[in-house]
Amino acid sequence: MKKISAEIIEKVNKLRQELTYHSERYYVYDSPEISDYEYDMMYAELLKLETEYPELYDATSPTVRVGGRALDKFEKHTHAFRMDSLSDVFSFEELEDFHARVEDKIGAPEYSVEPKIDGLSVSLIYENGVFVKGATRGDGVVGEDVTENLRTVYSIPLKLSEPLSLTVRGEVYMPRATFEKINAEREAAGQALMANPRNAAAGSLRQLDSKITAKRRLDIFVFNFQGGELYADGHAPLTHTETLNRLSELGFKVLELRTVASTATDIIEHIKLIGSKRDDLAYDIDGVVVKLDKLSDRETMGEGTNTPKWAVAYKFPPEEKQTVLEDITVAVGRTGVLTPTAMLFPVRLAGTTVSRATLHNLDFINSRDIMLGDTVVVRKAGDIIPEVVGVVKEKRTGAERRFYMPTTCPSCGEPIFYDADEGAAARCTNSACPAQLSRSIEHFASKGAMNIDGLGPQIVELLLANKLIFDVSDLYTLKAEDIASLERMGEKSAKNLISAIESSKSAGLERLVYALGIRNIGEVAATALAARYKTLDALIGATKEELCSIEDFGEITADCVVNFFSHEQNVELCRKLKDLGLVTEAVAAPAGDKLAGLTFVLTGTLPTMSRDEASALIKAAGGKVSGSVSSKTSYVVAGDAAGSKLTKAQSLGVAVIDEEQLLDMLA
């Protein structure tokens, strides 16, 4: 072992101190003192020395930010301090009611009014000034240990300026600029785009490989002191504002745009100020948090069952923007339906830059009197899907033009017709239409279907253009050497794709039925068909009468299934898939029946598992999972950022539960 000189040790320590200082100036205070090049040179020198002398490893070194070993799973972590959520208010009237309740009990309250960052809540634990553990909120009592991933967030200090033991709470988020850059890279690579910065942050923080998290460049604002020592002499802080100022001194990045207010009028004015600056921020916010500033007042108000009585979160209404409708394009879907899409002058909306929105069909366009060149109002349905709300007619100049649907398919040139069963839906009936073929293969490979990772739209187009595939069955005859030489591919990418295709063979009957793209057969209906018929051969011979006897199946759905299998080319495709080794039998029956007879709808981001994982647990216990809320829905399982499904459940009186309650039902 090479002997380490005192000079080397001193040099390593000095580099660590300087890099930590400059990293804090850059990521926490946004006031760098050296160039990126100078920082990179120091970093490279430290990394070289640590590689040469591995015995000098230190968990607080700036070099740990690049990510470490990959994990098999996240361990559960029980919080020492509960991480409760807040009650939401959606109007200034509700906010005034909250203030009145507090005023009745406190007398003359003061509030901290601060932006509500749209990210993922975590706790950070320090012992003797060293970051030792970080965990997601989970259900507020138990979360997931994501320490290695949090080490990659540069604005989280790995070592405090004083050797204190404390726990803080913060919100991890993905900056807008980072989100846009990642989505641009994913689009160029033919990968699915991330929906919004919040989902991107949640997904990035739950990567089992921290090296992937490191590349996502997440950030954090610390917004609460949870407990422990805030001062070396042990004295306790008096106000929330004091704790944030102290945390800033210790090296944490704390919330901006916050103020202390004492009246409802002052609170509302600051909310309006934050709202006016929303578009100019480098991060997304979805509301404003109003909480008592004096910590003694919080004790007086007390805690509710799941939320504190001393704070509320004012949620912004759905963000709407005006922009110009520059053009309308028409795309052909996998079932031949022609869908008009609004091409918009780009506008920033709910976390992303929006340049297009669906217009559904010609009836939708005509009913809203939408014309080319109009100034339109757009918003995101459920903060996800851009939609045109209406037209600003007072901004018309007379140059606007009426839109007409094409009379021939824009992909193959064949005549289109209007489907009486689908209202205003225009459809191309050419089964050899290139657009339908491309979309059907994309659907076949999608996550809910055969889940062939890496087979995105651009790769499908490549395979079709090079005549390597002509239908989905050809995917299973591809060889790595066939595709390694294609543009954007390579030997490693080719092998990974072939491996994913091979793995998809075992997906099972319910996924295969959904993947076939039968009209009106979604994931739930495909599961019901697999449960009823057990094998693909049996399903092919199903009669309309049999299909109508399945729960929630009507004549239209039954006709779609019978019609699909009445075409010999579809039956032949099924035979080819079976001969190629795909599993055409139903997966094992549910392991239990605790949820038998119950139908669940999942919405929002769950604390400790994905919706796919939750669906699997529900199905394994005999329950059903539906994609839409109706009066027949037993429960809606709602996570963070739940959208229109939650609203509909509340309007129908459907029971709404969270992940913890679902797990209790499964226990």
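Tutor: We take the cavity, then a helix, then a strand residue. Keep in mind that this is a predicted model.

Student: How many cavities of 30 Å³ or more are there, and how is such space found?

Tutor: Rolling a probe the size of a water molecule over the atoms shows where empty space is left. Here the count comes to one cavity of 30 Å³ or more. The largest cavity holds about 50 Å³.

Student: Which residues line the largest cavity?

Tutor: The lining consists of H77, H79, A80, F81, M83, S123, I125, T167 and Q226. Four of the lining residues are nonpolar, five are polar and none is charged.

Student: Now helix α20. What span should its 12 residues have?

Tutor: Count 1.5 Å a residue. Helix α20 covers residues 555–566 and should therefore span 16 Å. Its end C-alpha atoms lie 16 Å apart, which agrees.

Student: Which residues of α20 are buried?

Tutor: T557, A558, C560, V561, F564 and F565. Viewed down the axis of α20, the buried residues fall within an arc of 155°, so they line one face of the helix. On the other side of α20, E555, I556 and S566 are exposed.

Student: What covers the buried residues of α20?

Tutor: The cover includes α17 (523–533), α18 (536–540), α19 (544–548) and α21 (568–579).

Student: Is V312 buried or exposed?

Tutor: Buried means under 20% relative accessible area. V312 has 4% relative accessibility, so it counts as buried. V312 sits in strand β11, residues 311–315. Leaving out residues up to four places away in sequence, V312 touches L86, S87, V89, L95, F98, V288, V289 and V290.

Student: Where is V312 relative to T167?

Tutor: They are 145 residues apart in sequence and 22 Å apart in space, C-alpha to C-alpha.

Notes
Residues numbered from 1 in each chain as written. Predicted model: local features only at pLDDT ≥ 70, side-chain atom pairs only at ≥ 80, totals over all residues. Heavy atoms only, no water. 1 Å grid on protein atoms, 1.4 Å probe; cavity = no way out; pocket = protein on both sides within 12 Å on 5 of 7 lines; lining within 4 Å. Points joined across faces, edges and corners; volume = space filled by probe spheres on them. Nonpolar A, V, L, I, M, F, W, Y, C, P; charged D, E, K, R; others polar. Helix = DSSP H or I, 4+ residues; strand = E, 2+ residues; numbered from the N terminus. Expected span 1.5 Å × (residues − 1). Buried < 20%, exposed > 50% of the residue type's maximum accessible area, 1.4 Å probe, protein only. Arc of directions from axis to C-beta. Contact = heavy atoms within 4.5 Å.
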